[in-house]
Amino acid sequence: MTAVSLCSHLGPKGGPGLASASWFVAALEGSLGEKVAVVTDGRLSGLNRGIACGQVAPEAAEGGPIALIADNDLIEIDVAKRTLSLLVDHAVLERRKADLQPWAPNKERGWLSIYQRLAKLIYKGATLTPE
């Protein structure tokens with residue numbers, strides 16, 4: 001694999017509502033084909049080709065590792081073990097985490113803001129639960 005493309009902030013909070021990253025995969029398919037793997041905290045359709053890793057959790061909006069990825073980082077994808085590994089030194093990741101700006105809802109008020117604040121992680125059902 002020569003490149004990995006990242007499509008983050010599409011999970012339950014960041015999407016909002018577990019947005020689809022299929023548009024992103026389709027756009028890459030025409031130009032880069034099998035040379036790119038897509039890693040996203042959003043969802044994917046069943047029509048993707050190549051390597052596409054979706055619903056990565058914790059999502060970027062929750063401060064998960066996907067939010068710490070930078071250009072030129074190496075990501076190891078082990079399909080057989082169903083694992084992703086960010087091959088970046090722990091100290092570098094800690095620095096990035098310290099510099100990470102806190103995620104904020106798209107809106108300050110209204111139902112969308114409420115949804116984004118209450119949405120839980122995908123592996124917790126992406127349900128709306130008061131804090």
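My entries below go from a strand pair to some backbone angles.

Entry 1, the strand pair. I kept in mind from the start that this is a predicted model. I looked up β4, which covers residues 75-78, and found that β4 pairs with β5, residues 83-86. The sense of the pairing is antiparallel, and I noted 4 bridges. Which residue of β5 is the bridge partner of Ile-75? I found Leu-86 there.

Entry 2, the turn. I then followed the chain from β4 into β5: the two strands form a hairpin, with 4 residues between them. Arg-82 sits in that turn, and I stopped at its phi, which is positive at about 60° although Arg-82 is not a glycine. Is Arg-82 buried or exposed? With a relative accessible area of 76%, Arg-82 is exposed, because the cut-off for that word is over 50%.

I went back to the loop between β3 and β4, where Asn-72 lies. Asn-72 also has a positive phi, near 75°, and is not a glycine either. I checked its relative accessibility too: at 77%, Asn-72 counts as exposed.

Most residues other than glycine have a negative phi, and most peptide bonds are trans, so exceptions to either get a line in my notebook.

Note on methods
Residues are numbered from 1 along each chain as its sequence is written. This is a predicted model: local features need pLDDT of at least 70, side-chain atom pairs count only at pLDDT 80 or more; totals for chains, interfaces and linings use all residues. Side-chain values use heavy atoms; hydrogens and water are left out. Two strands pair if DSSP finds at least two bridges between them. Buried means under 20% relative accessible area, exposed over 50%, partly exposed in between (1.4 Å probe, protein chains only).
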